[in-house]
2 protein chains.
Amino acid sequence: MENSHPMFTSHADTLERALTAIAERAYWSNYPESPSPRIYGEHAAAEGEAAYRAYLGTDFPLKDQPAITGWVATEKSPFGTAIDVRYPQMDLDLAFAALAEGMPTWRAAGPQTRAGVCLEILARLHKAAFELANAVHVTTGQAFVMAFQAGAPHAFDRALEAIAYAYREMTRTPAVADWEKPAGRGQTLKMTKTFHVVPRGVALVVGCNTFPTWNSYPGLFASLVTGNPVIVKPHPGAVLPLAITVKIARETLADAGFDPNLVLLAAEAPGEGLAKTLALRPEVRIIDFTGSTEFGDWLEANARQAVVYTEKAGVNTVVVDSTDDFAGMCRNIGFSLVLYSGQMCTTPQNILVPAAGIATNEGHKSIDDVAEGIAGAVRALTADPAKGVELTGAIVNDGVLERLQKAASVGDAVLESSDVSHPAYATATVRTPLIRKLGAGDEQTYGTEWFGPISFVVATDSTQSSLRIFSDTVGRKGALTASVYSTSPDVLDAMEEAALLAGVHLSVNLTGGVFVNQSAAFSDFHASGANPAANAALTDGAYVASRFRVVQSRRHV
Amino acid sequence: MENSHPMFTSHADTLERALTAIAERAYWSNYPESPSPRIYGEHAAAEGEAAYRAYLGTDFPLKDQPAITGWVATEKSPFGTAIDVRYPQMDLDLAFAALAEGMPTWRAAGPQTRAGVCLEILARLHKAAFELANAVHVTTGQAFVMAFQAGAPHAFDRALEAIAYAYREMTRTPAVADWEKPAGRGQTLKMTKTFHVVPRGVALVVGCNTFPTWNSYPGLFASLVTGNPVIVKPHPGAVLPLAITVKIARETLADAGFDPNLVLLAAEAPGEGLAKTLALRPEVRIIDFTGSTEFGDWLEANARQAVVYTEKAGVNTVVVDSTDDFAGMCRNIGFSLVLYSGQMCTTPQNILVPAAGIATNEGHKSIDDVAEGIAGAVRALTADPAKGVELTGAIVNDGVLERLQKAASVGDAVLESSDVSHPAYATATVRTPLIRKLGAGDEQTYGTEWFGPISFVVATDSTQSSLRIFSDTVGRKGALTASVYSTSPDVLDAMEEAALLAGVHLSVNLTGGVFVNQSAAFSDFHASGANPAANAALTDGAYVASRFRVVQSRRHV
């Protein structure tokens, strides 16, 4: 049915490998995560930074978007440096007309060609990895290496994963089938049936402030590859990474012979509430959102014309029962808290420890020993500001600061948050993790999400009581991650059962180089869709299957 | 991970063949559709009828259901014969507690075992094919052969298809994966990851009056095989076929070592509104519904805690442009109208014909020639009451009769509906199809569904105008089926494009032994989920993927 598009031909092997990866879910990555010049080339970092700097203070090169009514600059870097990039705003009726224009041709191109074009977009984004990394760094406050990894190769891997799932799903029904039914008396009824993959309509992607590419790419690519035009509404605080993405997607679509207006950037002025307006457009049939529970719930309740995929807030929990590597445990948990100053949706918040303490390879440890062990690990990682900021990055926005201030007065002190002077950016807002100690009765405090560098050591009656608290809080508020430390197979089994019932992914006895807040594309699922923190997982069959429909025609041969 | 359950072992080949069938979507059926004694055995028909008769006038043998509060008899046969079977009603809080009880064990049994048990339920239902056929026949008014085919083997095929899709979906992620990531300096991070298929929660199946098994089985089996307990709420007019189904499912579950209360029948007294009550229970996380647009829309809007799959009303349309087999076309359309007196959700309603007539192999035919050709075919099929009732069956309920009476006065007469005396059942309510002629301006009449033996020949300005009307009505009201007659490749292309945009499956130039109202399991999709008539298709990846979630755990090796 399809002649292979050159962009499919050149990426067919990558797609094939990704299809194997999602069937195996073992380790695989297509985009090297190390920003080393040995991998990316001697000049890649400098060129990427130069490309990024060229955008600063200008009208972003999306002047070819349709129906531009004005330009808006909204970004404020957590590092305090100037950005001042202006992005186009559009007349929405005309923008939606433009989105619809290219849809029939994009649909008719078929799964293979669309996959080829999407993979070429990814290949070009990969060439722009350092440009993107700088944009993610400056807008989110992530330290540079993290901005590179999470903002570029890891985001590309998640995008490729979504494309692979969508391709597998679109092609599980053949394009054509011959149907021959014995009709008695030696007769046969013969028909040929054609199965068309048809898109749902326009897809809206609502980006977040902290991971503008990583959290947006799966939805963007899953929708685009299944035939839907995509309108990308970035968080006003992190527009540049998605503007670069949209620019490269549009260029690639045009080069491939398709309408570049299949992908549009929808920037907004502060307070405009553009996401709400877009979400209620009848043309919008798919929405991907990462952000607050409040707005996610609003979308699910109100954007009834669309399939809505949300990732919202949750209460990530660590159950500490016992360990045979006390130092490793404390180091591992401490590192998780320090990474991007707890501003990951996967950072642990509640560390549940029996008030009577725990058994360890270093003998009995009181709950204060455990708290102090974790606090000590955090201190060790942040003691040297130059090294510390390469882990913590900066604080993404004032909401986090306010929360941090409020948290400083709940419960008892374990570790104060400190205001660090960033060696490279005098104007950066840097804060180290705060740890407070609470009782099991303080569920009004630990029972909701405190997004930011805030965590609680919660004294429980026993591990059994910890499991109950875990089940309760995650059942009510959801979680993106859970972890457990125990040397007891029975406790591990009970925690696994509790995690299954709560519907949250579990990490067991992490003491080395894997951290609970990291999920590896092609192997770990991010979110489960089985608890209130998210109604979908990145990335699985359910995430892609409803982005298109199969419509058939049949006729006698 | 799983030791094969004997029920899986004995049905593994069937499952394997079904998995091939859904990948090919060519002709395949696992359950012979002919009720011939050569296939089902000399005594099968008599034994099945006897088993059915034994239920009449008794308390249905579901006395082992939990929390029974009373018994209710609600069925009234379209053939006027007595049924008077009493079904248990339950205390709902206790019933939901019972449903939840067996869920952890059923979940832990894993995809293979659950598939084996579901296939065994189907095998036992197949042994009860004649018993079920009698139950479908007497409650729906379908002629016996149709009740047998649609009510038993075709329903089993659709169930098997749903099981196959769900099994494929559950097993696309491996149960266990080894993850080894190069960590630099010759080090490797090694983890083992376990992926658990976890159910969403209780699934509610709301049955319909006309196809109690065919329309309920896909949802019932898709939910059960993915680990969810199922509560089956039959239409009060067609309880028996689903009561038999639930009884056999419960027996099989118990024999397999699982809690029989994983499947419950929820019968209701008239006017009780039990479906609404059940649909809003927080435990209910999946709903499958076939029936009115009004209630389907209500479910989608209100049962927000659940994933809701609906099949509602639509306006099925035939576009007549030209034909090289005028007699075959008229016969084929006529047969579609006669079958079960138009009481299929797939029966054509609007037959759009250019007012100036069409070109055919018999020369030019006026629109009245076309209308009369179809009317003649209907007359020929229904002239002999004894033969006619074997196609029309009886009228399912008073709603259809009222609609038929109302339709008799719209537009101009083409064919009157006649009241036929059923040779076997003096008390049966039988009506032959009514055909009225309308103008293109009568969209207030033809623009909504008239469920029953009611169709309209609509005079349009041209085929182009027919396509516009088709796109408009299906865009607004949806459709389960569409068909076109034309000798022009351009018209066929335009109709196919219009069908893709409207999101409705298309049949082209049916003049022989395939009818637009029939969809073959494993090859044809039933509904598309792409227009207002249904938000899902039977059966595809999207239909099964959201019935469960994958929750993982990971630990270092």
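**View 1. Pro229(A), a buried residue in a loop of the predicted model.** Pro229(A) counts as buried because its relative accessibility is 0%, where buried means under 20% relative accessible area, exposed over 50% and partly exposed in between (1.4 Å probe, protein chains only). Look for Pro229(A) in the loop between α10 (217–225) and β6 of chain A; helices (H or I, at least four residues) and strands (E, at least two) are DSSP runs, numbered from the N terminus. Leaving aside residues up to four places away in sequence, Pro229(A) touches Leu99(A), Met103(A), Gly201(A), Val202(A), Ala203(A) and Leu262(A), with contact meaning heavy atoms within 4.5 Å. The C-alpha atoms of Pro229(A) and Val263(A) are 5.9 Å apart, although 34 residues separate the two along the chain.

**View 2. The open sheet of chain A.** Five strands pair in parallel in the order β7-β6-β5-β8-β9; two strands pair if DSSP finds at least two bridges between them. Strand β6 (residues 230–233) of chain A joins β7(A) through three parallel bridges, and Val230(A) has Val263(A) as its bridge partner.

**Notes.** Residues are numbered from 1 along each chain as its sequence is written, while chains are lettered from A and ligands numbered from 1 in the order in which they are written. In this predicted model, local features need pLDDT of at least 70, side-chain atom pairs count only at pLDDT 80 or more, and totals for chains, interfaces and linings use all residues; side-chain values use heavy atoms, leaving out hydrogens and water.
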